[in-house]
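Good morning, colleagues. Please look at the sequence and the structure as they come up on the screen.

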Amino acid sequence: KVAAERHFEPESFVPIVAFECGTPDDDSHRVAYFFDPRNVPPIFCETRPPALDATLTGRFHPKTIVCETLDAYYRAVHRYGGFVAGHFHTRTYRKEILAELWQKQEFGAQYQLGKKHADEEENLYAYLRNGLKMGFTGGSDTHDSMPGNPYPEPGCPRAAGFTGVHLDELTPIALEKAIRSRRTIATSGARIGIWVNYGDYSIGDIAQFQKDNVFDIRVDAASAIDTVEVLHDGRPVHVLDAVGSTAEFEYRPHRSEAEES
């Protein structure tokens, strides 16, 4: 909290205080975010044995909120103005408003609605199909104190991901509002910006199908883009190849696609 306050620069750099827990009852890893952490006490919710060592727990601050259940963790975070996001280790989603689509580590077996599955994207598509509404993030989970570091480190064979946020001004209030509204994009470490509009709707909105509307899509990148794909339920429905570093195009969904989404 002290570091976040020290490095805060209005309209230039807005730190977000956050921490990760390995939560019961399925050992899913979840992250709590706070935009105003000044009055937030320590919150503890862990299933990992090293974190439960008596030498550590005996040193807890007396105001620490110890959460024995996931519901208690949600309540504690929300009570102090925070929100919970899914991490790459999250097996089940309940009240998370963001899901981490990419990070530096790789895992062989993820979970699809409680069943083992090999692909994290398929896990998240399954939740979307079942009505869960969430935005996406790309992160690091880096242990080298260098967020966004593109170079591998031991146990982390991939580049660190990035999260993009659509907002009109860089202030804590605007940033929190944008993230809570799911106005986010995730990348695998590439410097890419994506804009999607559908009539009066944009990224993060819940849109209703309108037969006269099309998706207006723009992609900007720091280098040449090989391919842009529009996916519906994980399946490519429109592909644009060899587009330079910027792509702007329209996509008109079929009614069947929109009604399924």
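This is a predicted model: local features need pLDDT of at least 70, side-chain atom pairs count only at pLDDT 80 or more; totals for chains, interfaces and linings use all residues.

Which residue just after α3 takes a positive phi? The residue is Gly-81, with a phi of about 80 degrees.

As a general point, an α-helix has 3.6 residues a turn, so residues three or four places apart point the same way.

The largest nonpolar core comprises 15 residues. Phe-34, Ile-43, Cys-67, Tyr-73 and Val-77 have the most contacts inside this core. Two elements, β2 (28-34) and α3 (70-79), each give two or more residues to the core. The largest share, six residues, is supplied by α3. In soluble globular proteins, nonpolar side chains tend to be buried together.

Which residues does Phe-34 contact, once its neighbours within four places in sequence are left aside? They are Ile-16, Val-17, Phe-19, Val-40, Ile-43, Val-77, Tyr-80, Gly-81 and Gly-82.

I now move to a sheet. Four strands form an open sheet in the order β13-β12-β14-β15, with antiparallel pairing. The edge strands, each pairing on one side only, are β13 (201-202) and β15 (235-251). Between β12, residues 192-198, and β14, residues 215-232, the antiparallel pairing runs over seven bridges. Strands of a sheet pair through backbone hydrogen bonds, either parallel or antiparallel.

My last topic is charge pairing. The count of salt bridges comes to 10, and I shall describe three of them.

First, the side chains of Arg-48 and Glu-20 meet at 3.7 Å, N to O. Why does this pair tie together separate parts of the chain? Arg-48 lies in the loop between β3 and α2 (54-57), whereas Glu-20 is in strand β1, so the pair joins parts that are 28 residues apart in sequence. Both side chains belong to a network of salt bridges that links Glu-20, Glu-46 and Arg-48. Arg-48 is partly exposed, at 30% relative accessible area, and Glu-20 is partly exposed at 28%.

Next, Arg-183 and Asp-205 form a salt bridge through their side chains at 3.1 Å, N to O. Because Arg-183 lies in the loop between α5 (172-180) and β11 (184-187), and Asp-205 in the loop between β13 and β14, this pair ties together parts 22 residues apart in sequence. Arg-183 is partly exposed, with a relative accessible area of 23%, and Asp-205 is partly exposed at 29%.

Finally, Asp-220 forms a salt bridge with Arg-218, and their closest N and O atoms are 3.2 Å apart. Here too the residues are partly exposed: Asp-220 has a relative accessible area of 23%, and Arg-218 one of 29%.

Thank you for your attention.

Technical notes. Residues are numbered from 1 along each chain as its sequence is written. Side-chain values use heavy atoms; hydrogens and water are left out. A nonpolar core is a set of buried Ala, Val, Leu, Ile, Met, Phe, Trp, Tyr and Cys residues joined through side-chain atoms within 4.5 Å. Buried means under 20% relative accessible area, exposed over 50%, partly exposed in between (1.4 Å probe, protein chains only). Contact means heavy atoms within 4.5 Å. Two strands pair if DSSP finds at least two bridges between them. A salt bridge is a side-chain nitrogen of Lys or Arg within 4 Å of a carboxyl oxygen of Asp or Glu.
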